[in-house]
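This report covers a ligand site and a helix packing in one structure.

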Amino acid sequence: MGESVAISLAVKRAVRYDIIQSILRHYECPPSCQSHCCSKGQIHMFEDELKVLSSLDPARAGKICNDATSPSLYLMQAPCSFLNDTGRCHVYERRPTVCGLYPFKVNTSGSTIGLQPCPVGFLIIRDFASWVIDTLSKSDISSGERSRLIGEWQKNVESYELELSEFHSKPVLLEMQIPYEDLEMLSMFLASRKLPAEN
Ligand code: SF4
Ligand code: SF4
């Protein structure tokens with residue numbers, strides 16, 4: 001247990017969990033999404049997270065099993081049994097790391113984190129592109145190069161908007177890859193704007 005707790009905390013540190021929380025607090029899931037990620041996604045977790053969920057509600061945690069493809073991980077098949085009738089998480093404060101990260105998704109690159117173009121993910125993608133375009137606008141690169149790069153980012157956003165339009169029907173979506181080193185700047189960019197509640 002001690003070792004698995006250390007792994008879980010180390011993963012949170014490695015994937016900048018706290019910074020991602022500071023990004024996600026700027027967004028709200030639309031009711032129309034109907035908790036898609038909790039009801040359709042496969043939820044992986046570490047042993048210490050399984051133990052926490054088992055201690056909170058053994059009956060609901062009974063649906064979690066070993067992941068055959070990765071012995072150190074456990075898997076909750078969809079729909080998650082901790083999703084309650086009102087579409088809320090029954091264990092929100094103690095939810096597994098993957099739940100706290102979503103729509104960000106860890107990959108094996110080590111340098112970037114994926115971002116799914118779900119309704120909230122697309123808004124983050126659009127805001128990330130705004131930050132990049134804002135940065136490019138103030139840079140001292142040639143105007144031709146600046147226009148080219150800004151045009152590319154605008155097309156990028158359009159392609160993810162297309163993915164968003166198929167989010168509820170397509171099994172695999174194109175993820176944006178965001179460098180870990182850009183997450184803090186994105187968080188600061190978002191904090192410099194008004195929060196939804198302040199609009
Ligand atoms: S995180 Fe994305 S998929 Fe999950 S409920 Fe929110 S908008 Fe929907
Ligand atoms: S544990 Fe909570 S946040 Fe995670 S999938 Fe289940 S209901 Fe959703």
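The shell around ligand 1 takes at least three residues from each of domain 1 (2-19 + 30-101) and domain 2 (112-194); the domain bounds come from an automatic or database domain assignment. The model is predicted: local features need pLDDT of at least 70, side-chain atom pairs count only at pLDDT 80 or more, and totals for chains, interfaces and linings use all residues. Residues are numbered from 1 along each chain as its sequence is written, and chains are lettered from A and ligands numbered from 1 in the order in which they are written.

Among the residues around ligand 1 are Cys29, Cys33, Cys37 and Cys118, together with His36, Tyr102 and Pro119; a residue counts as near if its C-beta atom, placed from the backbone, lies within 6 Å of the ligand. Two or more residues each come from α3 (36-40) and α7 (119-138), helices being DSSP runs of H or I with at least four residues, numbered from the N terminus. The largest share, three residues, is from α7.

Helices α2 (residues 17-24) and α9 (residues 180-191) have axes, lines fitted to C-alpha atoms over the stretch in contact, that come within 9 Å and cross at roughly 30 degrees. The two helices are therefore roughly parallel (angles under 35 degrees).

| Helix | Span | Residues in the contact |
|---|---|---|
| α2 | residues 17-24 | Ile19, Ile20, Ser22, Ile23 |
| α9 | residues 180-191 | Leu183, Glu184, Leu186, Ser187, Leu190 |

How values were computed: Axes are lines fitted to C-alpha atoms, for helices over the stretch in contact, and angles run from 0 to 180 degrees between N-to-C directions. Angles under 35 degrees count as roughly parallel, over 145 as roughly antiparallel, 65 to 115 as roughly perpendicular and the rest as oblique. Two residues are in contact if their C-beta atoms, placed from the backbone, lie within 7 Å.
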